[in-house]
Amino acid sequence: MLPVVSLAATINEVERFDTIVIGAGPAGSTAARELAAAGARVLIVDRATFPRYKACGGGVPLRTERLLPFPVDSVVEQSVSRIEVTYRGKHSFAKRSGAPFAHMVMRERFDALLLEKAQVAGAAFRAGTTVRRIEQDGGIRIHSEGGFEAAADFAVCADGAHSPAGKQLGLGANMAECAAWEVEVAAPAGARTSSATAVIDLGYDPWGYAWLFPKARVGSFGIVLPQGQGNQMKALTDEFIAGRGFAGGSVQMARGHKIRFRRGDEVIAGGRALLAGDAAGLADEFTGEGIFYAIDSGRTAARATLRAMGTDGSLDSYTREIDTQIMPELRAARIVAFMFYGMLRRARRPWLFASNHTGFLWDAFFATQRGESTYARETGRLPLLPKLAARMMEQA
Ligand SMILES: Cc1cc2nc3c(=O)[nH]c(=O)nc-3n(C[C@H](O)[C@H](O)[C@H](O)COP(=O)(O)OP(=O)(O)OC[C@H]3O[C@@H](n4cnc5c(N)ncnc54)[C@H](O)[C@@H]3O)c2cc1C
């Protein structure tokens, strides 16, 4: 006899998982890898097919390595141990860190490695899957373009700074934002570049910087500016590119994206869903970096989700951990930014002179990048200026 199948059940039947991760950037792939390694059934979806480009300088602070249980050497293009600081293209000074403080990667390759590790750990991946709608009703159900649907007990929304998933779920509203632009240029003959040096160009009003990060085949240029100045990014980056002798180089890629910042208690988890990485605004306002925090929050997201699976389903521990472990660091980075750019605006020459000749400022920066210290510890050690900056920031 043929089995009796209810038509309604067939229509509504979708693939079920313990957790669906939306977005296969560093935050999503890390959360998926840790969840799958702990035995959870995980589906990770991304609108892109991988490897995919992501507008990013690809500067990965060395401290990121200690968050990952595998080496990233295979995707490191260069490691930098020197920083050259210029002011609107004019040489100011250079500092050596002794040992490398950051790796330079191409995000296509770096993100593909992280995703591959998630798949090896057992996470299922569905590329080309743009999530359009999410239902939350005791569990999670995603609806994507093309009709694909899946259900899970939890969702980790790691879908980047625009976070359409977060918007749908009412999470991550009212965050601060800034604009950034990235251009990859093949070095023409005569270009001023050094494989172990990251160049930072200051002098953008009221704050921001342009960069040149060395990669194996291209120079990665870019600029980060306050929100509202997006229309100037392209011209200012072109000016900087020309100043470094790259004007004749062929442009491989040029794209902008926003970066967003969680500054206080913006809601990043609710019901059975949470935001990780850029979706949660976990980027540092001094450098604009977010890869470290994306990976860190991906790990926190996995821990919190596993905890919730084994208990009452509450993801409250996620917000608590982010608030105690990541937010103090992001707040300290914001204070450093406020102090640094504030001094640069008020007293450019003396501040550049002081920055050049105050060795411990750079030691503190390099130690933070390498994971031997933190912004929070360093701002605590130097109470006067950071304290003043923090007070002014609160009044601003
Ligand atoms: C120009 C620029 C330069 C930067 N340079 C640096 C740097 O040098 N160092 C550094 O540490 N940080 C840098 N950052 C920040 C860094 O890029 C981010 O912090 C980091 O990518 C965050 O990772 P993530 O996993 O949270 O999100 P992302 O890497 O943005 O990944 C999000 C993923 O979600 C997917 N997605 C989005 N919407 C959907 C949807 N509806 N359905 C399915 N999938 C979806 C996307 O395709 C994407 O793959 C830079 C940012 C910019 C804009």
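I began with the ligand: domain 1 (7-70 + 106-175 + 262-329) and domain 2 (79-105 + 178-258) both contribute residues to the shell around the ligand, so the ligand lies between them. I note that the model is a predicted one.

**Ligand shell.** I looked up which residues surround the ligand and found 41. The closest are Gly23, Gly25, Gly57, Gly277 and Gly290. I then checked which elements give two or more residues to this shell: helix H2 (26-37), strand S12 (176-186), strand S16 (251-261) and helix H6 (291-310). Sorted by class, I have 19 nonpolar, 14 polar and eight charged residues in the shell around the ligand.

**Domains.** The domain assignment lists, besides domain 1 and domain 2, a domain 3 (332-395). I read off 21 Å between the C-alpha centres of domain 2 and domain 3. Each of the two gives 10 residues to the contact. On the side of domain 2 that touches domain 3, strand S6 (residues 90-96) gives the most, with three residues. I classed the residues of that side of domain 2 as seven nonpolar, two polar and one charged.

**Sheet.** Next I traced an open sheet of seven strands, in the order S6-S5-S13-S14-S15-S12-S16, and its pairing is mixed. I find S6 and S16 at the edges; each has a single partner strand, so one side of each has no neighbour in the sheet. From one strand to the next, the twist averages 20°.

I looked at one pair in detail. Strand S5 (residues 82-87) pairs with strand S13 (residues 197-202) in the parallel sense, over six bridges. Threonine 86 has aspartate 201 in S13 as its bridge partner. I also followed helix H5 (residues 233-243), which packs on the sheet and touches S12, S13, strand S14 (209-214), strand S15 (218-226) and S16. The direction of H5 makes about 140° with that of S15.

**Tryptophan 351.** My last entry concerns a residue of helix H8 (residues 348-357), tryptophan 351. Setting aside neighbours within four places in sequence, I find tryptophan 351 in contact with Met343 and Leu344. I also noted phenylalanine 340, 11 residues from tryptophan 351 along the chain; the C-alpha atoms of the two are separated by 8.5 Å.

Key
Residues numbered from 1 in each chain as written. Predicted model: local features only at pLDDT ≥ 70, side-chain atom pairs only at ≥ 80, totals over all residues. Near = placed C-beta within 6 Å. Helix = DSSP H or I, 4+ residues; strand = E, 2+ residues; numbered from the N terminus. Nonpolar A, V, L, I, M, F, W, Y, C, P; charged D, E, K, R; others polar. Domains from an automatic or database assignment. Contact = placed C-beta atoms within 7 Å. Pairing = 2+ DSSP bridges. Axes fitted to C-alpha atoms, helices over the stretch in contact; angles between N-to-C directions.
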